[in-house]
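Here's a quick briefing to read alongside the model. Have the viewer open as you go through it.

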Amino acid sequence: MKTKLTRFCCIIFIIFAFFAVPSPTCFGFGLTEQISQTDTVPSRNYTVVIDAGHGGTDPGSIGYKTKVHEADLNLKMSLLLKTKLEKAGINVVMTRTTDAAMLEGSGKKWKRKDMELRKALIEKTRPNMVISLHQNSYTNHSLRGAQVFYDKTSEISKTIAGFIQEQFKQNLDKSIKATSPGDYFMLKCSAAPSVIVECGFLSNEAEEQLLQTDEYQEKIIDSIYKGIVNFLQIK
């Protein structure tokens, strides 16, 4: 009787253990498959700071024909990216959420102070990544396309930029540019890997029009989002 009871208990234990063992994904082995199927990132306390460039009395670049302000486009696209990342379970901190700089004023000293305040917020947040959104402009009106800049001293920054740039190449017409190292304040203001995304050229008449449409903005933000998610899959 004891032998039969022992065997029965062993069988019950084996069945319970079989169904109770977590799937490989729970341990991170199936991360790529999970992201591609659910479009979410597993909880890992991952924080991204999104910096919407310019704002307030600093409009940034001005559209060639329509005179649209770069600062307005930066903010709208940053909020779109914030929504996407948060839906994927990523923590997001914004340097600004309204049409205002972190400090109102004018002149080079004021601009430097505004940038220092952004740096202070980033340092306080201690994020895993910093994404700064901008719109480009140049005297040559034929130039167009989105491009990502990275800190040349950071291999992680370069890798993130590469993943985002690849998405631009796949999803945006005329965006055949390569990533480029840059010596900019926002790339060096934090220990976290940082990239600057120039979404397009407001100095190009055709691209200036595109950058103001909801459809094109969605393509840009979706490309940035997918680039970030693809980077997370290799970590």
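In which hand does H3 pass H8, left or right? The crossing is right-handed. Keep in mind that this is a predicted model, so every value below is computed from it.

**The chain at a glance**
- The protein chain has eight helices and six strands, and from the N terminus on they run α-α-β-α-β-α-β-β-α-β-α-β-α-α.
- Of its 235 residues, 43% count as buried.
- If you look at contacts with a separation of 6 or more, 77% of them come from residues 24 or more positions apart.

**Where H3 meets H8**
- Helix H3 covers residues 70-87 and helix H8 covers residues 214-234; their axes come within 10 Å and cross at roughly 50°.
- With angles of 65 to 115 degrees counted as roughly perpendicular and those under 35 as roughly parallel, H3 and H8 are therefore oblique to each other.
- On the H3 side, the contact is made by Leu73, Lys76, Met77, Leu80, Leu81, Lys84 and Leu85.
- H8 brings Asp214, Gln217, Glu218, Ile220, Ile221, Asp222, Ile224, Tyr225 and Ile228 to the contact.
- Sort the residues of this contact by type and you get ten nonpolar, one polar and five charged.

**The nonpolar cores**
- The largest nonpolar core has 37 residues, and Ile131, Ile220 and Ile224 touch the most other members.
- Elements giving two or more residues to this core are strands E1 (47-52), E2 (91-94), E3 (129-136), E4 (147-150) and E6 (194-201), along with H3, helix H5 (155-171) and H8.
- H8 hands over the largest share of this core, with nine residues.
- Leaving aside residues up to four places away in sequence, Ile131 touches Val48, Val49, Ile50, Asp51, Leu81, Ile164, Val195, Val197 and Ile228.
- There's also a second, separate core of ten residues, and Val49, Phe149, Leu187 and Ile196 are among them.

**A buried Asp**
- Asp51 lies in strand E1.
- The cut-off for buried is under 20% relative accessible area, so Asp51, at 2%, is buried.
- Its contacts, again not counting residues up to four places away in sequence, are Ser78, Thr95, Arg118, Ile131, Ser132, Leu133, His134 and Met186.
- Ile131 ties two of these topics together: Ile131 touches Asp51, and Ile131 is also one of the residues touching the most other members of the largest nonpolar core.

Conventions: Residues are numbered from 1 along each chain as its sequence is written. This is a predicted model: local features need pLDDT of at least 70, side-chain atom pairs count only at pLDDT 80 or more; totals for chains, interfaces and linings use all residues. Side-chain values use heavy atoms; hydrogens and water are left out. Axes are lines fitted to C-alpha atoms, for helices over the stretch in contact, and angles run from 0 to 180 degrees between N-to-C directions. Helices (H or I, at least four residues) and strands (E, at least two) are DSSP runs, numbered from the N terminus. Angles under 35 degrees count as roughly parallel, over 145 as roughly antiparallel, 65 to 115 as roughly perpendicular and the rest as oblique. A crossing is left-handed if the near helix is turned anticlockwise from the far one by less than a right angle, and right-handed if clockwise. Contact means heavy atoms within 4.5 Å. Ala, Val, Leu, Ile, Met, Phe, Trp, Tyr, Cys and Pro count as nonpolar, Asp, Glu, Lys and Arg as charged, and the others, Gly among them, as polar. A nonpolar core is a set of buried Ala, Val, Leu, Ile, Met, Phe, Trp, Tyr and Cys residues joined through side-chain atoms within 4.5 Å. Buried means under 20% relative accessible area, exposed over 50%, partly exposed in between (1.4 Å probe, protein chains only).
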